[in-house]
Amino acid sequence: MKLGEVKHNWTTKQIRKIMDMPFNDLIFQAQTIHRMHFNPNEVQTSTLVNIKSGGCAEDCAYCSQSARNQTNIEKEQMMEVQEVLEQALVAQERGATRLCMGAAWRNPTKKDFPRVLEMVKVVKAMGMETCLTLGMLDEIQIQQLKDVGLDYYNHNLDTSEAFYPQIITTRTFQDRLDTIDKVQKAGINVCSGGIIGMGEQHKDRAELLKTFGNMHIHPNSVPINLLVPIEGTPLAHMRDKTDSFEFIRIIATARIVMPQTYVRLSAGRMTLTDEAQALCFMGGANSIFYGDKLLTTDNPEAGHDESLFAKLGIQMQRNIKAESQAKKMASQITELTA
Ligand code: SAM
Ligand code: DTB
Ligand code: SF4
């Protein structure tokens, strides 16, 4: 097999061999492959908006929004479309190219869905890329999302199939795979990733990457989250359990296993040093969540990321479509006011 070629028949042994290479060799190989498919000095930025917070029926052990966990998150009604639009404008102004709208649902209801579709329409009309993460979907909902032009659907596998029941019991790993499969079949790009640091073993991380690497279509983006331990969740005690070099190894392995996928350095950046993040970019991470807040927890301030990018000579990927749309609108306004 040629270096950087996309393949879909990875074995656990092959992935373990990559993960366990001497660190310098691993980063070198990941960076070499990265350069075959991407601009090495460009990072894509997505901003999160929590469109429906708390009260979720699932029992994910890491999550502040599960109704089963005793956290201090307020259960809120679904956001109004206008508020999403306002947050999207702020995100776009800061330079984010994609808005990722998340809801604390096991699955969206019929009643909630029209408003979600409206949100996608207004954000798309601004020229931003749209991503939703709403839990499980049925075929009709997927078709409606396709019809309004949703760009990405996020649905994480979180961990290996073997470790999954230790983290979530209200749905199965197979339920997740089924939703991903239906979304891909409808022609919507999939974003799917996992969490490192929940008590899983090194081998579970290899298995998770194998599952992604052997999908017929690799996810377009793979968010790699470092667990944010949250008070009141069963995983609150999992502090400082993950060595940052192990985390960087997972990022670099994801790059090698899925050469054309955007590998997103996701939750957990508050506890990673700038130097560790720079090694993640060197190992092939080329996307981040950008903006001061994730869903319920903090993320580095946008200004901090900008200065880190400046130190590293990294450019934020631009959204040419949105820029030309904004230019067109500005010239229309000039014409109207002339
Ligand atoms: N309810 C939907 C679902 O589960 O697909 C969408 C929202 S859910 C919060 C999205 C993802 O955020 C989860 O799958 C998980 O990977 C990540 N996540 C949630 N809480 C986290 C935490 N404390 N640390 C790291 N990642 C977390
Ligand atoms: C993903 O993989 N991580 C994001 C997004 N997809 C939806 C969410 C991270 C949430 C971190 C914990 C919180 O803020 O509640
Ligand atoms: Fe609900 Fe998603 Fe949190 Fe699980 S991760 S409890 S499904 S919001």
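**Loop, ligand and helix contacts**

Q: Leaving aside neighbours within four places in sequence, what is Gln65 in contact with?
A: Gln65 is in contact with Asn50, Lys52, Ser53, Gly54, Gly55, Cys56, Ala104, Leu295 and Thr296, where contact means heavy atoms within 4.5 Å. This is a predicted model, in which local features need pLDDT of at least 70 and side-chain atom pairs count only at pLDDT 80 or more, while totals for chains, interfaces and linings use all residues. Residues are numbered from 1 along each chain as its sequence is written, chains are lettered from A and ligands numbered from 1 in the order in which they are written, and side-chain values use heavy atoms, with hydrogens and water left out.

Q: Where does Gln65 lie?
A: In the loop between S1 and H3; helices (H or I, at least four residues) and strands (E, at least two) are DSSP runs, numbered from the N terminus.

Q: Is Gln65 buried or exposed?
A: Gln65 counts as buried because its relative accessibility is 6%. Buried means under 20% relative accessible area, exposed over 50%, and partly exposed in between, with a 1.4 Å probe and protein chains only.

Q: And Cys56, where is that?
A: Cys56 lies in the loop between strand S1 (42–52) and helix H3 (81–94). Cys56 is buried, with a relative accessible area of 10%.

Q: What does Cys56 touch, beyond four places in sequence?
A: Gln65, Ser66, Ala67, Ala104, Trp105 and Arg106 are its contacts.

Q: Which residues are around ligand 3?
A: Cys56, Glu58, Cys60, Tyr62, Cys63, Ser66, Ala104, Trp105 and Arg171, each with a heavy atom within 4 Å of the ligand.

Q: How does that shell around ligand 3 divide?
A: Into six nonpolar, one polar and two charged residues. Ala, Val, Leu, Ile, Met, Phe, Trp, Tyr, Cys and Pro count as nonpolar, Asp, Glu, Lys and Arg as charged, and the others, Gly among them, as polar.

Q: Where does ligand 3 sit?
A: Ligand 3 is in the largest cavity. A cavity is a set of points, on a 1 Å grid over the protein atoms alone, where a 1.4 Å probe fits but cannot get out, and a molecule sits in one if more than half of its atoms lie within 2 Å of its grid points.

Q: New topic, H1. Which residues of helix H1 are buried?
A: In H1 (residues 12–19), Ile15, Ile18 and Met19 are buried. They are on the same side of H1 because they cover an arc of only 95° around the axis, the arc being that of the directions from the helix axis to the C-beta atoms.

Q: Why would residues three or four places apart point the same way?
A: Because an α-helix has 3.6 residues a turn.

Q: What is on the other side of H1?
A: Lys13 and Lys17, which are exposed.

Q: What covers the buried residues of H1?
A: The cover includes helix H2 (23–37), helix H7 (202–213) and helix H8 (244–257).

Q: What about the phi of Asp158?
A: Asp158 has a positive phi of about 70°, although it is not a glycine. Most residues other than glycine have a negative phi.

Q: Last one: how is Gly313 placed?
A: Gly313 lies in the loop between helix H10 (302–312) and strand S10 (315–316). Gly313 is partly exposed, with a relative accessible area of 40%. Gly313 and Asn41 are 272 residues apart in sequence and 6.7 Å apart in space, C-alpha to C-alpha.

Technical notes
On a 1 Å grid over the protein atoms alone, a cavity is a set of points where a 1.4 Å probe fits but cannot get out, and a pocket is an open set with protein on both sides within 12 Å along at least five of seven lines; lining residues have an atom within 4 Å of a point.
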